[in-house]
Amino acid sequence: MIKVSDAESYLKHKIGDKTNNVVEVWEIFKSFCREPVEGEDEFALLFQCGIYDFTGEELFYFDFVRQFTVYEDEEYSRTEQLHCEFGFKTTDELKKLETSEWYFDTDGDMENFFAHVENLKEFQIPLKSIPLQLNIYQEVI
């Protein structure tokens, strides 16, 4: 079973060199989300996108996130997020797009969440473009 501490390297290995193929990375990310992770107490997913200036250059960010809530000895320890974050050149069409869609594992259905995201214009429109970069990273928030 995958551990929270190994999730980033595990996902990077699964994605390999498919860094320009957004649809293929999305499918790999969805597959990864279906796998249990040891130490993951609460399950959450996020799809977010929008124009940001994180690096000094304004880019359109298109980000798939799996969030891990970690408890140690039955006490809350930390929350970590694993990002699959594409950066696109900013265009007039992309400037109009921004969203944050969360899925928390309560009684919902993960597959319905995936279908909902795939039907969003904020998901569909960027698929027409080729990303400049893919960053896969895990952070404590």
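I took a disulfide to be a pair of cysteine sulfur atoms within 2.5 Å. Cys-84 is likewise in no disulfide, the nearest cysteine sulfur being that of Cys-33 at 8.5 Å. I recorded zero disulfides for the structure.

I note that this is a predicted model, in which local features need pLDDT of at least 70, side-chain atom pairs count only at pLDDT 80 or more, and totals for chains, interfaces and linings use all residues. Residues are numbered from 1 along each chain as its sequence is written, and side-chain values use heavy atoms, with hydrogens and water left out.

I then checked accessibility, with buried meaning under 20% relative accessible area, exposed over 50% and partly exposed in between (1.4 Å probe, protein chains only). Cys-49 counts as buried at 2% relative accessibility, and Cys-84 counts as buried at 0%.

I turned to Phe-62, which lies in strand E4 (residues 59-72); helices (H or I, at least four residues) and strands (E, at least two) are DSSP runs numbered from the N terminus. Phe-62 is buried, with a relative accessible area of 0%. Leaving out residues up to four places away in sequence, I found that Phe-62 touches residues including Cys-49, Cys-84, Phe-47, Phe-86, Phe-88 and Phe-123, where contact means heavy atoms within 4.5 Å.

I next examined helix H1 (residues 7-15) and helix H2 (residues 22-33), whose axes come within 10 Å and cross at roughly 140°. Axes are lines fitted to C-alpha atoms, for helices over the stretch in contact, and angles run from 0 to 180 degrees between N-to-C directions. H1 is therefore oblique to H2; angles under 35 degrees count as roughly parallel, over 145 as roughly antiparallel, 65 to 115 as roughly perpendicular and the rest as oblique. From H1, Ala-7, Tyr-10, Leu-11, Lys-14 and Ile-15 meet Val-25, Ile-28, Phe-29, Ser-31 and Phe-32 of H2. I sorted this contact of H1 with H2 into eight nonpolar, one polar and one charged residues, counting Ala, Val, Leu, Ile, Met, Phe, Trp, Tyr, Cys and Pro as nonpolar, Asp, Glu, Lys and Arg as charged, and the others, Gly among them, as polar.

Last, I looked at H2 against helix H4 (residues 110-119): the axes are 11 Å apart, at an angle of about 160°. H2 and H4 are therefore roughly antiparallel to each other. Trp-26, Glu-27, Lys-30 and Cys-33 of H2 make the contact with Met-110, Phe-114, Val-117 and Glu-118 of H4.
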